[in-house]
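Trainee: I would like a close look at a single part of this model. Please take me through one interface in detail.

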Number of protein chains: 2
Amino acid sequence: MPTRYAQRMAKVQPSAIGELLALGADPSIISFGGGYPDATLFPAAQLDAVFHEIIQKPGGASMQYAPSNGLPRLRDQIAGLMTADGMSCTADDVLILQGSQQGLDFAARMLIDPGDVIITEDPTFLGALIAFEPSQPRYAVVPVDAEGMQTDRLEAILTANPRAKMIYTVPDFQNPTGVTLSLARRKQLIALANRYDLIVLEDTPYRHIRFTGENLPTLKSLDTEGRVIHLCSFSKVLVPGLRIGWAVASPDILACMGLLKVAADTQTSTLNMAAASLFLDRYDLAAHIATLRAAYSAKKEAMLDAIRQHLPQDITATDPEGGLFTWLTFSEGFDTTDFMRRVALPQARVAYVPGATFFPLTPRANHARLNFSSPSLDAIRTGIAALGKALYANH
Amino acid sequence: MPTRYAQRMAKVQPSAIGELLALGADPSIISFGGGYPDATLFPAAQLDAVFHEIIQKPGGASMQYAPSNGLPRLRDQIAGLMTADGMSCTADDVLILQGSQQGLDFAARMLIDPGDVIITEDPTFLGALIAFEPSQPRYAVVPVDAEGMQTDRLEAILTANPRAKMIYTVPDFQNPTGVTLSLARRKQLIALANRYDLIVLEDTPYRHIRFTGENLPTLKSLDTEGRVIHLCSFSKVLVPGLRIGWAVASPDILACMGLLKVAADTQTSTLNMAAASLFLDRYDLAAHIATLRAAYSAKKEAMLDAIRQHLPQDITATDPEGGLFTWLTFSEGFDTTDFMRRVALPQARVAYVPGATFFPLTPRANHARLNFSSPSLDAIRTGIAALGKALYANH
């Protein structure tokens with residue numbers, strides 16, 4: 001039977017490059033695709049200990065249903081982490097989510113009527129576009145340079161898009177480019193959000209993995225009007241398999257997102273919330289993050305060294321101050337999707353994410369996103385060398 | 001700032017009885033509200049063992065990201081369970097969900113344009129209405145009697161509602177009434193869904209907790225046209241804290257729900273999927289369910305005995321063949337919400353869920369849903385006696 005789907009499903013389609021990316025999962029291929037943290041650094045012994053303790057605790061509370069907005073103790077602990085990062089808040093200001101991905105879905109469902117406009121960086125996080133699509137938005141895009149979203153071009157875009165409701169940004173070590181929004185631009189973004197009455201969706205999964213320099217203030221910490229929804233997550237700093245993220249937002253917005261949480265899935269896993277909470281009580285998350293920073297920084301350096309050594313000189317790479325990704329720009333006319341299908345996968349045995357997929361409106365073919373957190377140092381050196389060899393051979 | 005929410009949020013509102021139900025969480029009150037399984041029966045030692053084994057396994061796969069549609073091994077195991085229940089299927093026909101609640105959300109998002117009609121039992125599961133609301137449906141309702149939804153009244157309702165897209169039903173030990181849809185009515189429901197080109201959303205969280213009699217065929221097993229979405233879950237038969245449910249549906253529908261899964265939260269927790277999968281490998285779920293059946297059956301008998309002994313004779317209770325709930329009908333004009341606020345909570349120190357909240361269109365005040373799985377046998381006897389005393393005193 002041909003099912004009569006709702007109109008919102010029209011643009012909910014499989015990724016055009018899904019098949020290509022699936023080829024990268026072949027274990028004989030060195031993958032710079034994905035956005036996986038390094039599994040060899042997962043704190044397995046500590047997680048084993050906290051799961052044991054919460055499951056054995058009399059009463060079985062860790063296995064039972066829990067409040068839809070999250071375990072109160074965990075919300076309190078997260079409020080402490082957020083306050084330490086310049087966003088003064090309490091447990092009441094925190095909603096636990098099924099990864100911060102769920103916050104992207106909720107923000108769009110809460111704000112976007114079909115045809116309303118979401119402003120994004122250009123390029124932007126593909127997963128956010130996937131989360132937004134069922135709410136039927138249109139997009140307006142702001143170019144990105146070494147200091148992140150070019151906020152000096154934002155006002156003209158807002159003037160041209162009266163139905164703009166929300167600005168979506170990954171201000172720290174952006175996905176896919178790795179660039180960080182400068183302080184001056186953070187202030188300008190907030191000023192424009194205030195003037196044009198917009199919500200700002202601040203997505204910060206990589207924020208705490210900084211290699212050099214000092215953290216810049218979050219947009220939420222610069223927000224005086226309750227316009228910023230701050231999303232963060234344990235996926236990159238603890239383990240993705242817990243699926244625990246959170247939102248910090250003003251009471252009216254958080255209440256609305258809390259109602260969507262009840263509707264969407266009742267609650268995040270009690271076991272996982274209890275485990276994360278006990279981990280924070282028993283162990284030093286900051287020390288664990290320091291280990292990740294050192295390891296990922298070394299991998300980033302190895303990747304950029306290998307790029308300088310092995311890739312043709314006309315290819316540029318961003319040098320991120322943190323996070324998981326660098327962004328390659330090839331010469332105009334070079335098509336990274338075509339090259340991956342024809343050469344990189346079958347000959348070089350290397351995968352990356354072709355850049356075209358990250359542009360909401362007008363794909364540009366001459367970019368690639370490379371992840372350095374997941375592959376080993378050896379794989380980084382071997383893979384980039386193989387990529388360079390293939391590029392020279394097909395130049 | 002007054003946030004300009006999307007239109008879909010207009011009906012996404014806090015439950016009118018939320019405050020009343022919150023009072024029932026006072027530990028000095030005996031609660032027959034909620035729908036919690038008995039935490040004293042959770043298989044804690046087994047879950048402790050499986051979490052230990054998956055976390056310690058080299059490679060860290062249980063803590064890493066996993067496929068969005070679920071771990072292949074778990075999907076295969078669930079396909080085996082479903083096949084054994086008369087729904088022949090493979091892993092490809094199974095989508096892992098964040099509890100079956102997420103399947104309710106996805107079904108509505110996939111099918112319902114604003115103003116489309118969902119057919120429900122009257123009364124029906126409140127959580128389903130909460131899941132459906134953001135998709136802006138209208139409802140048409142079918143009365144329920146001792147054999148479940150009165151399918152002989154369904155055709156007239158379908159004729160009167162040309163925008164009907166989906167029939168939502170809890171065929172086994174329905175929430176809130178505890179009644180079970182008879183085989184003849186199951187067949188009639190499927191025949192009408194075929195004739196009127198509707199999707200059937202079959203929600204079966206309690207199906208495997210049957211006290212007496214034989215299981216009836218699922219609607220999915222009677223479906224010859226790929227119209228039935230079968231939802232089930234480990235929440236009631238293993239532990240709710242895992243948040244693992246699943247859908248079995250035709251390939252086109254499952255693909256659509258899989259795209260919504262990517263958008264909504266990327267994936268269910270890898271740790272929890274791996275733990276459930278290893279539990280199924282290492283332990284005997286059927287034996288565990290047999291323990292639950294015996295325990296809940298004894299509690300149901302205790303509750304019905306106490307009702308017969310202590311409650312006024314004009315109050316009737318359903319005698320469910322399984323599940324978690326019985327449904328009380330008081331005389332016309334009696335208001336269970338008012339009685340709970342004025343008498344049951346403050347004087348009898350007993351909580352239930354007032355029935356009015358379960359009716360999508362026209363609340364009826366003279367019902368209450370009582371849960372017997374969560375309270376102890378003692379609490380059941382004490383609580384019903386106290387309720388009876390309060391009812392006689394306020395007659």
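How many salt bridges does the rule find across the interface of chain A and chain B?

Mentor: The rule finds 4 salt bridges across the interface of chain A and chain B. Keep in mind that this is a predicted model. One salt bridge joins A:R109 to B:D105, with the closest N and O atoms 2.9 Å apart.

Which elements of chain A supply the side that touches chain B? Those giving two or more residues are α2 (44–56), α4 (99–111), α5 (126–132), β6 (164–169), α8 (251–265) and α9 (270–282) of chain A. Of these, α8(A) gives the most, with 9 residues. By residue class, the side of chain A that touches chain B divides into 39 nonpolar, 23 polar and 14 charged residues.

Now the extent. In contact are 76 residues of chain A and 76 residues of chain B. The two chains bury about 6400 Å² between them. Carbon and sulfur atoms account for 55% of that area.

The domain assignment gives domain 1 (7–43 + 287–393) and domain 2 (45–282) of chain A. Their C-alpha centres lie 25 Å apart. Contact involves 32 residues of domain 1 of chain A and 35 residues of domain 2 of chain A. The area buried between these domains is about 3000 Å², with 66% from carbon and sulfur atoms. On the domain 1 side, A:P43, A:E321 and A:P360 lose the most area to domain 2 of chain A; together they make up 23% of what that side buries.

Between domain 1 and domain 2 of chain A, the count is 3 salt bridges. A:K11 forms a salt bridge with A:E133, and the closest N and O atoms are 3.9 Å apart. On the side of domain 1 of chain A that touches domain 2, α10 (285–310) and β11 (325–329) of chain A each give two or more residues. α10(A) gives the most to that side, with 7 residues. The residues of that side divide into 16 nonpolar, 9 polar and 7 charged.

B:D223 sits in the loop between α8 (219–222) and β8 (228–233) of chain B. B:D223 counts as buried because its relative accessibility is 13%, under the 20% cut-off. Its side chain reaches the backbone nitrogen of B:V228 at 2.9 Å.

Technical notes. Residues numbered from 1 in each chain as written. Chains lettered and ligands numbered in written order. Predicted model: local features only at pLDDT ≥ 70, side-chain atom pairs only at ≥ 80, totals over all residues. Heavy atoms only, no water. Helix = DSSP H or I, 4+ residues; strand = E, 2+ residues; numbered from the N terminus. Buried < 20%, exposed > 50% of the residue type's maximum accessible area, 1.4 Å probe, protein only. Polar contact = N/O pair within 3.5 Å; in protein donor to acceptor, adjacent residues only side chain to side chain. Domains from an automatic or database assignment. Contact = heavy atoms within 4.5 Å. Buried area = accessible area lost by both parts, 1.4 Å probe. Salt bridge = Lys/Arg side-chain N within 4 Å of Asp/Glu carboxyl O. Nonpolar A, V, L, I, M, F, W, Y, C, P; charged D, E, K, R; others polar.
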